[in-house]
Amino acid sequence: MTTARASTPADPAGGGQERDQPRARTAGTKGVPRAHREQQILAAALEEFGRHGHAKASMAAIAGRVGVTKPLLYTYFGSKDGLYAACVDHIGPHLLEAIEQAMAKDSPEGGLPLAVLTALFQALEGRRHAWFVLYDRTLPPDSEPWHTAKRHREAIDELAATGTATLLRVQGNDDDLDADALKHLWTSTVSALVGWWISHPELSAQDMSARCARLLSAARVVA
């Protein structure tokens, strides 16, 4: 996969600069409040980590997206791991809150999965790759980034476990293994849908919600 800037033609003169690169992109941080600059960096880093994974993500590419120097990233976040942790700490609670609010609402019978999917699509609108920062398979096991992501994933997985167990109990099924299997199926389904959504940038969160409503309805008919 390539970064979002890969399609920009390079300067044929061989200077290493892109001819159509706006001058503001190469400017420093003068006149930009640190809090605002940090948000810009986090947005760019979420995209880079989500596209390429922690292992292959480039700090230089992140700096280039924002128009700052790579040393500035280290000044703000300390290291690549520190920037990754900041990204996860930023997106994790946001997704968790979206799911909690969806689950707290009264949903029609069988409507909980769609309510949660709709909340997730809305939370990820404009930053779809962020889901795969949280569920990054390139993280070295037992590393600090791995533990950071695991902490947020466990909070979301706990909600998924509660939701799937509730759906089964409504149908008279109290089997713990069935609930655990359904939780894993649910998480994999969400990842598959977000991945599909990324490949269709023309679709909005609302479009995805409507599509999933049709798919869930079809699945109930088949079942």
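Which pattern does the protein follow, read along the sequence? The protein reads α-α-α-α-α-α-α-α-α.

1. Ground rules. This is a predicted model: local features need pLDDT of at least 70, side-chain atom pairs count only at pLDDT 80 or more, and totals for chains, interfaces and linings use all residues. Residues are numbered from 1 along each chain as its sequence is written, and side-chain values use heavy atoms, with hydrogens and water left out.

2. Overall fold. The protein has 9 helices and 0 strands. Helices (H or I, at least four residues) and strands (E, at least two) are DSSP runs, numbered from the N terminus.

3. Surface and burial. The protein has 223 residues, and 39% of them count as buried. Buried means under 20% relative accessible area, exposed means over 50%, and partly exposed lies in between (1.4 Å probe, protein chains only). The accessible surface comes to about 12,600 Å². Carbon and sulfur atoms hold 55% of that surface. Such areas come from the Shrake-Rupley method with a 1.4 Å probe; for residues, only the protein chains shown count as cover.

4. Aromatic pairs. The structure holds 4 aromatic pairs. Rings of Phe, Tyr and Trp (its six-membered ring) pair if their centres lie within 6.5 Å; planes under 30 degrees apart count as stacked, over 60 as edge-to-face and the rest as tilted. Phenylalanine 121 and tryptophan 197 form an edge-to-face pair, 5.3 Å centre to centre with 70 degrees between the planes. This pair links distant parts of the chain: phenylalanine 121 sits in helix 5 and tryptophan 197 in helix 8, 76 residues apart. Phenylalanine 121 counts as buried because its relative accessible area is 1%. Tryptophan 197 is buried too, at 0% relative accessibility.

5. A stacked pair. Tryptophan 131 and tyrosine 135 are stacked, 4.6 Å centre to centre and 20 degrees between the planes. Tryptophan 131 and tyrosine 135 are both buried.

6. Leucine 120. Look in helix 5, residues 112-124. Leucine 120 has 3% relative accessibility, so leucine 120 counts as buried. Set aside the neighbours within four places in sequence, and leucine 120 is in contact with Leu95, Ile99, Trp131 and Val190. Leucine 96 lies 24 residues away along the chain, and its C-alpha atom is 9.1 Å from that of leucine 120.

7. Threonine 148. Is threonine 148 buried or exposed? Threonine 148 is buried, because its relative accessible area is 9%. Threonine 148 lies in helix 7. Beyond neighbours within four places in sequence, threonine 148 touches Ala85, Val88 and Asp89.

8. The second largest pocket. Its volume is about 390 Å³. Of its 13 lining residues, the closest to the centre are Tyr135, Arg137, Arg153, Thr187 and Ser191. On a 1 Å grid over the protein atoms alone, a pocket is an open set of points where a 1.4 Å probe fits, with protein on both sides within 12 Å along at least five of seven lines; lining residues have an atom within 4 Å of a point. Helix 7 (144-170) and helix 8 (176-198) each supply at least two lining residues. Helix 8 gives the largest share, 5 residues. By class, the lining has 4 nonpolar, 4 polar and 5 charged residues. Ala, Val, Leu, Ile, Met, Phe, Trp, Tyr, Cys and Pro count as nonpolar, Asp, Glu, Lys and Arg as charged, and the others, Gly among them, as polar.

Conventions. Points joined across faces, edges and corners; volume = space filled by probe spheres on them. Contact = heavy atoms within 4.5 Å.
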